[in-house]
Amino acid sequence: MSPSPRRLTAAVAALTLASAGVVAFAAPAAAASGDLFISEYVEGSSNNKAIEIYNPSTAAVDLAASGYALKQYSNGSPSAGLTIPLTGSVAPGDVYVLAHGAADGTILAVADQVTGTTTGLYNGDDAVALVKADVVVDVIGQIGVDPGTEWGTGLTTTANHTLRRNASVLTGDTDGTNPFDPAVEWTGYASDTFDGLGSHGSDPEPEPDPVADCAATPATIGSVQGSGAATPIPGQDVLIEGIVVGDFQSGGYDGYYVQDAGDGDSATSDGVFVYAPGGAAVDAGDSVSVAGAVKEQFGLTEIVAADVEVCSTGNPLPAAVPLTLPASVSQREALEGMYVTLPQNLAIGETFEYGRFGTVTLTNGRLDTPTAVVEPGAAAVALAAANLENSITLDDGRGTQNPDPAIHPDGDVFTLDHSFRSGDLVQNATGVLDYRFDAWGVQPTEGADFTVANPRPEVPDVGGDVKISSFNVLNYFTSIDPTPANSNDDSYYRGADTTEEFQRQQDKIVSALADIDADVFGLLEIENNGTAVQALADALNAKVGPGTYVPVTTGVIGTDAIATAIIYKQASVAPVGTHLLMTSAVDPTWSDERNRPGLTQRFASTETGEEFVVSVNHLKSKGSACAESPDLGDGQGNCSAVRTAAAKALTTWLNTTVAPDGRAIVIGDLNSYDHEDSIDAFVAGGFTDLEKQFNGEHAYSYVFDGQLGYLDYALAQPALLADVSGVSAWHINADEPSLIDYDMSFKLPAQDALWAPDPYRSSDHDPVIVGLNLTPPDTTDPTIEVTADPETVWPPNKKMRTVQFSIDAADDSGEDVTVELTDVTVTGSSKATWEQIDEDTFEVRAVKGAVYRFTWTATDAAGNTASDTVEVVVGK
């Protein structure tokens, strides 16, 4: 599973305050049909969404009685995802406004009907239809077509703009399937333009542009920011003055940050973003006077510049304000737009969006996914909140996609020789604090201090004479997407878009598999076409030797586009019997619709004959909802009950039918962290979580939202547990930035060139490796023979005499044995004494009748022992 990409930056035109940007409408004539039609469409920031409906007839219209409703068609869907019946009436020549319940107060003031505050009304890529008795009478967009992000270009688009119906349009568009170009019947306005809403046919007189003036008394930036989450004066014209502390006019943000001397209130920020696309160039250190309208843009307070005057240049920047984690939202709000520094040594957490957007997440130490360390429920919810306060984004000062070059956190260019991994440390990151794409982040103005704290590890040594590995191969598809630009078929074509991408992907996976050198690989996310597993085995054999690996042949299993698979080293292990599948045919509580079939195979060691069972499973992900098992808000995400039912079914089947000898191991992507209900079900079924046992509570194989945990498991039954010599995830993927992966979809040539045919970022999951000792236990004792020289001491003159011992010890294993003197007894005389000179040399007193008995014991590597006793006698 992977994180969703943030919303792409849209090109937003500057708010036009001049009268030249205002279009006057004549009162529309009455339509012959008398049907209502959409006269204004608002798709602004956050929940600023509204539809204005005009009644062109000469009679009032009862909306409910006439069966009027608004329908929304999401992302090219041919079916309505949301239907809102309209209520009330609309007078002749008047309008009716439907608005989102959480829209700006200016919108709500003219609304006749509002939706719930949590209703997802529509976005710029959704079609919106006005229907009467379920018949379309007007539509914005094209039903059944996904335009990407929006219909139209420039100002006249359906995303982040306001559209007003031209006065010449007298009736609605009753064909919802025809191509839609808003420029034909609509005039576009900048995002969050509400001044014409509720009055189709007229526009207010424009206000004159505000003017910058270095000699005038400015408002404090604190009064613009306010002490809350949003500006207290949206839409008002202001005049502010301050020092430019961050210049981001190029790179997509089209503006800069200005900070003044402050208003003495620690709850209000002294910095603000000035949005000035195409405006006069400014530099850091310039003192500027800015006049413009205040706006809240997706949670970021900004001033849309109408006029700017540079008052002076070369001024020193204010001291950067230290911002330490944890930091609450209110603490961050108080510094929004200000020059800050992060003095702590923070770990790099999330890197998923680094390649596409230039961002990484910094965390106060490495953070755990809540349900990886605490129980679901209140504890997990509390830890999730704490994790948010202990993380912050480090951006790159650019709002464009796929930035070139990619910039390392230290300010230099990112290369394969100058890379970073999650867990490396960043200190003294300095720049401007802002809020974009639903995240708090620092837009850097200089490079940070960087320390390698998590270097790339060698392949873990797990011991044993047989190795098993679980490896998620991240949608390894031999079928190349024939229409990579068309996302409608991506539910099937999930892998490489081109043969070049496929080769890049395969080379990385093969490199990782070869280095792991497992005897049995359980594979996840491999194409379910019956041939992809053989293709991967062939590619691996081309590197490690012909015929080394062969697949368990299953053909197509289940109905999903991806499947589980097994390849094994035939010199080391051999299948015992045919493969088995865990499906609803075995246990009806197993959901075939949600889980891939569990692939299970018994093997025997070719050297010892010892048998074991490998069951490879890929349970339902958290990423999409299950109606029968919704997200309960306890930290387990979607479909926890589905995964738990699967775990119970699988353990029962293995324990009673497939592996009653207790020699099964479950591996794979179980899409659950180890404190969740499904893993509890495995443990209750007698399986031991090997990663936790061998590596502790903070083991991980996956990084999501900058948090650690493992979704990739090795769970052993009791009899096999005794043979486990070691377990470890090999951290070659989760900690590596996706910028270096095989995918070329969102990269410029310079970033494509960062790929290398090595194991790193061959997937987004780390492989898990298990060692097994399958050699039968050594129960044979070693041999030992001891001789003494001399065995008889004469004459008995009561003097000390030297005795040399020769010891011959061996073991059938060929391994060394240890030998030690374990006993000495003396009989025949109370005056008999002895003394050890070195390991095998002793002195005994020659007392008549004395008998000295020396016993040596040999111990082999398995702990087996054998002893031999030799006598030294004083006398003839």
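Trainee: Is Lys 692 buried, partly exposed or exposed?

Mentor: Start with the cut-offs: buried means under 20% relative accessible area, exposed over 50%, and partly exposed in between, with a 1.4 Å probe and protein chains only. Lys 692 has 28% relative accessibility, so this residue counts as partly exposed. Keep the origin in mind: this is a predicted model, where local features need pLDDT of at least 70, side-chain atom pairs count only at pLDDT 80 or more, and totals for chains, interfaces and linings use all residues. Residues are numbered from 1 along each chain as its sequence is written, and side-chain values use heavy atoms, with hydrogens and water left out.

Trainee: Which residue forms a salt bridge with Lys 692 at 2.7 Å?

Mentor: Rule before case. A salt bridge is a side-chain nitrogen of Lys or Arg within 4 Å of a carboxyl oxygen of Asp or Glu. Here the partner is Asp 674, with the closest N and O atoms 2.7 Å apart. The pair links distant parts of the chain, 18 residues apart: Asp 674 lies in the loop between strand S37 (664–669) and helix H11 (677–684), and Lys 692 in helix H12 (residues 690–695). Helices (H or I, at least four residues) and strands (E, at least two) are DSSP runs, numbered from the N terminus. Asp 674 has 5% relative accessibility, so this residue counts as buried.

Trainee: What separates the closest N and O atoms of Lys 692 and Glu 697?

Mentor: 3.5 Å, and this pair is a salt bridge. Glu 697, at 29% relative accessibility, counts as partly exposed.

Trainee: Are Asp 741 and Lys 747 buried or exposed?

Mentor: Asp 741 is buried, at 13% relative accessible area. Lys 747 counts as buried too, at 15%. Their side chains meet in a salt bridge of 2.8 Å, N to O.

Trainee: How many salt bridges does the rule give?

Mentor: The count is 28. Some join up: Arg 366, Arg 421, Arg 456, Asp 735 and Glu 736 are linked in a network.

Trainee: In what sense do S2 and S7 pair?

Mentor: Antiparallel, over 5 bridges, between S2 (residues 49–54) and S7 (residues 95–99). Tyr 54 stands opposite Val 95 in S7.

Technical notes. Pairing = 2+ DSSP bridges.
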